[in-house]
Protein chains: 4
Amino acid sequence: MAKSRFEYVKQFELEDPLLPHCWIVIRLDGKGFTRFSELHNFKKPNDEQALRLMNRCAVEVLEAFPDIRIAFGESDEYSFVFSKTCKIYGRRSSKLVSLVTSCFSGNYVRWWPEHFPSQPLLCTPIFDGRAVCYPTDHILRHYLAWRQADTHINNQYNTCFWALVHSGKSRTEAQDHLKGTQTAYKNELLFSEFGIKYGLLPVMFRKGSVVTRSRRQKTVKHAEDGTAVQREGGEVTVTHEDIIDDAFWETRPDILM
Amino acid sequence: MAKSRFEYVKQFELEDPLLPHCWIVIRLDGKGFTRFSELHNFKKPNDEQALRLMNRCAVEVLEAFPDIRIAFGESDEYSFVFSKTCKIYGRRSSKLVSLVTSCFSGNYVRWWPEHFPSQPLLCTPIFDGRAVCYPTDHILRHYLAWRQADTHINNQYNTCFWALVHSGKSRTEAQDHLKGTQTAYKNELLFSEFGIKYGLLPVMFRKGSVVTRSRRQKTVKHAEDGTAVQREGGEVTVTHEDIIDDAFWETRPDILM
Amino acid sequence: MAKSRFEYVKQFELEDPLLPHCWIVIRLDGKGFTRFSELHNFKKPNDEQALRLMNRCAVEVLEAFPDIRIAFGESDEYSFVFSKTCKIYGRRSSKLVSLVTSCFSGNYVRWWPEHFPSQPLLCTPIFDGRAVCYPTDHILRHYLAWRQADTHINNQYNTCFWALVHSGKSRTEAQDHLKGTQTAYKNELLFSEFGIKYGLLPVMFRKGSVVTRSRRQKTVKHAEDGTAVQREGGEVTVTHEDIIDDAFWETRPDILM
Amino acid sequence: MAKSRFEYVKQFELEDPLLPHCWIVIRLDGKGFTRFSELHNFKKPNDEQALRLMNRCAVEVLEAFPDIRIAFGESDEYSFVFSKTCKIYGRRSSKLVSLVTSCFSGNYVRWWPEHFPSQPLLCTPIFDGRAVCYPTDHILRHYLAWRQADTHINNQYNTCFWALVHSGKSRTEAQDHLKGTQTAYKNELLFSEFGIKYGLLPVMFRKGSVVTRSRRQKTVKHAEDGTAVQREGGEVTVTHEDIIDDAFWETRPDILM
C-alpha cells in the first residue's frame, strides 16, 4: 500500500526482547484496589467472589496464551509464567505485558456481572503489568514461593487487622496492636480473642490460587493467529495447593519441563 | 511486615525508564480484530458504532491520565501522547504501556452494550500496546501526521475494496483490481462506478479521531492516587480535525507546550 | 563457512540501539586515577602534560570517528558528542561505548612516552565509558555547560586545596578549611594568602579542553572500513573556549547543524 | 561541592544492569584487523607472536578483574566470562564492556614492543566489545564450545587458503577452490598437496587459548579500588585445552561453581 513521507518515524520503535531460555513472569497488580474494593463493598479481609473473579480472568488468560505454564494469584495480583523456551511475539516485553494485561482487564469487566449479580460495576478496574525474567527453574520456583509466602503473611495480618476493626478498634489502633508481632502471636490472638482457627480458614485465602493445565492433550485456540493447534496440556484448572514444597513439583514435572 | 527468604527474587525486576524530555507515545492495536469485527458483524469498510466505542475508551483514558496531551485513533488502533516532561510512574515503560492498555480494554468491554445494544459481546477484545519516544515536537507531529495519513490511505483503499466486494466481486478480484493503483484512480473509481464522492464521506472515516482537552481549567481525578487535583486542561473532546497541517497546532499551542 | 550445532547461542546477543535523532554523548572516566596520578607523579592540582596527553587521545578519537562533532575534556574524563543523525554501527550503545573507549585507551598508552619522556608507564591506565542520549540541541548544550561548569568548580577547589597542602597543612585540615566555602571566598583566599590571581591561571585548567574540527574540507580516514572519504569538517583542533555562553555556538553553527 | 544549574542533565543517564544470576560474557573483537595485520606483517594464516600478545592482554584482564572465571581467545577476538553471581559495578553493561575493552586495548599497546621488538606499532589497534548474558551453566558451555568450534573451522579453512595462496594461486582462486568443501576434503588437501598434517599444527592455532586461574589461594589486586584482597583462585595461566568435551569441566568444577 502507499506510504507517506512520515514513515520514517517507525524507526523510533525500539525492540525490547526478553533474554532467551529464561522463564518469563508477567505480573499484574490492581491499581488503586483499596479504593476499588471499598467502592464495590468487597468483604474484608477476603471477598470470595472477588477472588473467584480474579481466578476466572486468569483461566481466560491461560486459554488465550498456550505458552503459559502456570499462574499464581492472590488478592488483586496475578503472575503468569510463560515457558522458558517460548518464542511468542519474539519474546518482546511490551507485547507480552500489554496483551496479558489487556486480556485480564477485559475479562474482569466481562465476567463481573456473573460474580457480582447485585453489585453494578461503578468504575473501570485498571491493572498494571510488568515482565520479569528468571534464568533457572530453581529461581522461578523461589519466585512462586515468594508470592505464596506473601499470601500467607498478608492474609494472616489482614485477618487479625479486620477482626480487631470489626470488634470495635479503629484502624490505627488495630495497626498499632499488630506492629512487630510474630506469626505465633497472631495465630494465638485470632484463636483466643476471636475463636478463629487460622488453619481452618478457606484454603484459597491462605494459599492463594494456582492455575495450571491438566496433562491431557486438548485442542486449544492459539493466541497469535486464532488457528486451532494441538498442544500439550488440557483443561485449565484452579487449585489452592502448596507450591513452596517439592511435593507439588514432583507430581507435576511437566510444568517446568 | 514480615519478609520471606525468597525476597531476593525481587532484584530480577529491572527498571525500564523512558528517556527524559521525550514525548512518549503509547500506541494500542486490536489483536485479531479482523476476526473480532466479523464475529460482531461490524459494517465494512467502517463501522461508526465501533469507532465511537474506540473514541469513548480514549476519552476515558484521557480522564484517567492527566499527563496525556492528545490522542489519535483510527480503525482498531489508538495513540496516546504523554507530555514530554511528565514524570508519572518514573516514566517506566511497562507501567505506562500496561496501565493505558488495561484502562482502554476494560472500558471497551464496559461500554460495549451502550454502543452495541443489540449485539452481545461474544469474546473478549484484546489490545497490544507499545511505548515509543519522540525527541522533538517536530518529530512528534510527524508521528501524528503519519497516523492520520495512514487513516486516509487505508480508508480510501478499504472504501474501494468493499464497494467492489459489495458489487459482487470476490475479495481476491477486488484486491487484484486495486493493486498498484494511485489515489486519483481510486477517487475516480469510487465516483464513476459507485457514485461515491470520497470527500463527502464522514470525516471520522477520512481523518480519524483526535482527542484533546479544552483549555479551560477543570478539576479532574488524578490517575495515580485517586485524589482530586487542579490541572490545566478541561473537558476532553473528540474531533476529526486535520492534524497534519500547521493550522491545528497554531490554534492549540498548549498541546505541545 | 561451516556452522556448528552451538550456533544457537548467538541469539542471546540482544540489540541495544540508542534512540534516533538524539545527540549521543560517550563519556569516558579514568578508573582509579587518583592512584594512577600519584604513581606517575602528576603535578597537583593540574598536570599540564597529563592534560595534553588526554587531549592528544581525544584528537585521535575525532580523527577515527568522523561522526563526532565536538568533544570536551577535563581532568581524567572526556565526553564525545556523536551527531544526532549519525547511523554509525546502527547506533548500538555497546559498540559505540567500547570502540571510543578502546581507541582512547590505546592512544593513551601509545602517546605516553611523548608526553612523559622521563616517566615510564608503570601500570595500564583504564577508562570506563557510558552512552547518554540528549533529545535536543538545547539540552546537549546544557550537558556541555554542566561539564565546563564542573571544570571550574573542581579546579578552583583543587587549586585552593593544593595551595593549602603545599603551604604545610594536612589534607584533612585543607578539606576542613574549604568545607562550605563560596566562590568569592576561595578567590580571595588564593589571592591574599598565596598571591594567586585565579583568572590568570592557564585557561586549560579553568575551562577544560574543547575539541572540534575546522570547517574546511579535508580527506579523513573513515573509522569503519579504513577507506578514505571526503567529509565536511577539517583539521581537528583543541581550544579552551567558553562553551557555556552563546558566543561560541553563534560562531560555530555547523557543530549542532 | 557546589552544583550548577545544569546538573539536571544527569538524569538522562539510564541504568543498564544485566540480569542477575546469569553468566556475563564480554566479547572483544579487533576492528579492521585484516588491515591491521597486513600493515604489521602478521604471518598468515596464524601469527604466533600476535596470538601471544592477545593472550598476554587477556592475562592482564583476569588479573585486573577477579570476578572473571575463564576467558577464551582466538584470532583477534577474546571472550571473558564473569561469574554469574558477581555484583561488580551493579552488573552495569556499559561499565563492564568499557572497562574490559579499555584494559585489553591499553595492554595491547603496552606489551606490543615485547612481542614485536622489530616491528614498530604503526597505528592504534581498536577493539569493540559487547556483553551477552547466558542463563545456565549448560548454555555458557555451549557458548564457549561455539567459539572453540569456530576456531577449528576458521583455522582449517585459513590454513588451506594460505597454503593455496603461498603456492601461487590468487586469493579468488583459493576461495573458489575451497567453496563448499568439507572437513575431510580440506584435511586431505593439506596433507596430499602440502604435506601438512592438520593434527600436528600447533595446538594454539587449532584450539585457541583458554585463560583460567589456578585453584590455589593468592592475593590479588581488586579491580574496583586497588586494594589488595584475598581471593580464591591463584596464578592466571594460559592453556590450549579442549573445552568442548566434559573432561575439562570435570577436572575444573571450580570454574562454574
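This is a predicted model: local features need pLDDT of at least 70, side-chain atom pairs count only at pLDDT 80 or more; totals for chains, interfaces and linings use all residues.
S2(A), which covers residues 68-74, runs antiparallel to S3(A), residues 77-82, and six bridges join them. Take A:Gly73 as an example: its bridge partner in S3(A) is A:Tyr78. S2(A) also pairs with S5(A), residues 209-213; here four bridges join the strands, again running antiparallel. Within this pairing, A:Ala71 stands opposite A:Val211 of S5(A). So how covered is S2(A), given that under 20% relative accessible area counts as buried? Mostly covered, it turns out: six of the seven residues in S2(A) are buried.

Turning to chain C, helix H4(C) takes up residues 137-166, which makes 30 residues. From its first C-alpha to its last, H4(C) reaches 43 Å, close to the 44 Å expected at 1.5 Å a residue. This helix is mostly covered too, with 24 of its 30 residues buried. What follows H4(C) is C:Gly168, and its phi is positive, near 115 degrees.

Most peptide bonds are trans, and most residues other than glycine have a negative phi. Against that background, the bond from B:Lys44 to B:Pro45 stands out as cis, with omega near 5 degrees. B:Pro45 sits in the loop between helices H1 (33-39) and H2 (48-64) of chain B. In chain C, the peptide bond joining C:Lys44 to C:Pro45 is cis as well, and omega is near 5 degrees there. C:Pro45 likewise lies in a loop, the one between H1 (33-39) and H2 (48-64) of chain C.

Two residues other than glycine also have a positive phi. One is B:His21, with phi near 60 degrees, in the segment that comes before strand S1 (23-30) of chain B. The other is D:Arg91, with phi near 55 degrees, in the loop that links strand S3 (77-82) to helix H3 (93-115) of chain D. Are these residues buried or exposed, or partly exposed? B:His21 has a relative accessible area of 26%, so it counts as partly exposed. D:Arg91 has a relative accessibility of 6%, which is under the 20% cut-off, and therefore D:Arg91 is buried.

Conventions. Residues are numbered from 1 along each chain as its sequence is written. Chains are lettered from A and ligands numbered from 1 in the order in which they are written. Side-chain values use heavy atoms; hydrogens and water are left out. Buried means under 20% relative accessible area, exposed over 50%, partly exposed in between (1.4 Å probe, protein chains only). Two strands pair if DSSP finds at least two bridges between them. The expected span of a helix is 1.5 Å times one less than its number of residues.
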